[in-house]
Amino acid sequence: MLSRLTYTLRETWASFQRNVTLTAAAIITAAVSLLIFGLTLLIQHGFDNLLKRWEGGVEMLVFVVPQAEQDTIDYVAGVLDQQRGTAIERYEYCDVQCSLDEARVVLAGDPTTLNLLNENNIPTLFKVVPTEAAEVDVLRGLRDTYASLPQVETVVLAEDQIDLIARLQGFVSTYTTGLWIALMFASGLLIWNTIRTAMFARRREIEVMKLVGATDWFIRIPFMLEGLIQGLLGGVIAVGSLQFINWRWTQGVQDFPESSGMTALVVTDGYNWTVSFFILAFGALVGMIGSGIAASKFLDV
Amino acid sequence: MIRLENVTKNYSAEVVALNDASFDIAKGEFVFLVGPSGSGKSTLLRLLNRQERPQRGAVWVAGRNIIDMPPSRVPHLRRNIGNIFQDYKLLLNKTVFENVAFAQEVIGKPKHVIRQQVPAVLDLVGLAGKEERFPHQLSGGEQQRVSVARAFVNRPLILLADEPTGNLDPGTGEGIMRLLDRINKTGTTVVMATHDQRIVNTMRKRVIQLDRGVIVRDQARGVYE
């Protein structure tokens, strides 16, 4: 068992040295495609943060002053209830805890402001979903109505900016997803080609191995391991780059004004580590599948 | 040990490598396959280690019809068969020791067994002291001895030799034949394809003659003709 393991590792290392340029090309392509894969997921997550308050068709946020009495909240809810079925389809009240949770997401890139918020000064809010028929003019009318209610601090409409962000999210997601799939396919093919070249270079060795009774798996495994390592190394480079880019972006966002709305477009909740795990797993998988197919297809050299 | 029953092997409609060939080879026999180029000698050897499969007939090796043997069992069959080639098929980046050890390494023999058996077999073939040399540092005869050592190191039941003296001068070829004869005397069945008239006539072993895929002669203690 130990001698087989030694043999496998030795042959994998020898093959790496034999195909340095092709191996480097495969690793770099894998790294670039995995990086784009990771960035796509992070950007998607950033957009989700940005749009968190507007999920589920919410078009209007009615902020109630901090520490509002329950009577006040019931009163605002009563006004909203009156218009349910006509201008309003439904609404949801976000209490102090809910508002603090959301602030952690929305202000993730602005820790200074976030640290100033607490249970005593955070405004709670109603998330309002208008009926499909509600038009911009109607919504603006409702905003003015709700803004004049007692204890209502402010009313914010989604309007065009949110629609633009949602459209941008769709655009970025679609094209970056297409890009990483294409690049991943390319890196799979490159790994496949590297293994094919390695097997061709060792065709006499493989012939001898087969003639003396080595099993196909015994011959295949060093090649598959080589592909797996290529994918994994690509993944390691991609993870390093992703963490660096994420760190630089998060640092940079702190300098943006709060009104820019970009403070939510960061990933600080550990999701970047989940993505890193997926990158490594995905890189290893693509490397192993690419090399496995090549090692099986070209075994009869 | 080996039995062919009405074996036919075609590479295409026009190219018939073997046509209804049948024979038996007992354990410990030494058999020469003779005949002109393209008569089917190499194909016959390739059928015996399952590098090829016939269109018709049965090939029995060590009591088992290897034609319907599942692919996963083929490596185990080959561990009982040693192969020697005209072009030696040595690995040029490995030393003499490593070339021979390779045959044991790839079937999972432990290191201590390899360290014990490889020097012994190199001693048997007359290459003691040349373990660290690379193939390009050896003569043709020495390279073929390494090939014989590699084929014999796992103590196979059968040794298949395809023109093992084809690239060697007569004197060196005789040395290889003495070696194969010695191996045969240990009980290993040897099947050797050759064009070398002198060797066949000197050894006076069983001769199976092929002509365009047909066995035209099977003679005990035969000569080349």
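Start with two helices of chain B: select α3 (residues 96-105) and α4 (residues 111-124). Their axes come within 10 Å and cross at roughly 125 degrees. Axes here are lines fitted to C-alpha atoms, for helices over the stretch in contact, and angles run from 0 to 180 degrees between N-to-C directions. Helices (H or I, at least four residues) are DSSP runs, numbered from the N terminus. α3(B) and α4(B) are therefore oblique to each other. Under 35 degrees counts as roughly parallel, over 145 as roughly antiparallel, 65 to 115 as roughly perpendicular, and the rest as oblique.

Now show the side chains between them. The contact (heavy atoms within 4.5 Å) includes Val96(B), Phe97(B) and Val100(B) of α3(B). On α4(B), Val113(B), Ile114(B) and Leu122(B) are among the residues that take part.

A word on the model. This is a predicted model, where local features need pLDDT of at least 70, side-chain atom pairs count only at pLDDT 80 or more, and totals for chains, interfaces and linings use all residues. Residues are numbered from 1 along each chain as its sequence is written, chains are lettered from A and ligands numbered from 1 in the order in which they are written, and side-chain values use heavy atoms, with hydrogens and water left out.

Stay in chain B and select Ser139(B). It lies in the loop between α4 and α5 (140-152). Buried means under 20%, exposed over 50%, partly exposed in between (1.4 Å probe, protein chains only).

Move to chain A and pick Cys94(A) and Cys98(A). They form a disulfide, with sulfur atoms 1.9 Å apart. The cut-off for a disulfide is a pair of cysteine sulfur atoms within 2.5 Å. The structure holds one disulfide over all chains. Its S-S torsion is about -100 degrees, so the disulfide is left-handed. Cys94(A) is buried at 1%, while Cys98(A) is partly exposed at 23%.

Next, find α8(A), residues 203-211. Buried residues there include Ile206(A), Val208(A) and Met209(A). Just past this helix, Gly213(A) has a positive phi of about 100 degrees.

Last stop: Ser291(A), in helix α10 (residues 271-297) of chain A. Ser291(A) is buried, at 0%. Its side chain reaches the backbone oxygen of Gly287(A) at 2.7 Å. Beyond neighbours within four places in sequence, Ser291(A) contacts residues including Ile191(A), Phe223(A) and Leu228(A).

Technical notes. Polar contact = N/O pair within 3.5 Å; in protein donor to acceptor, adjacent residues only side chain to side chain.
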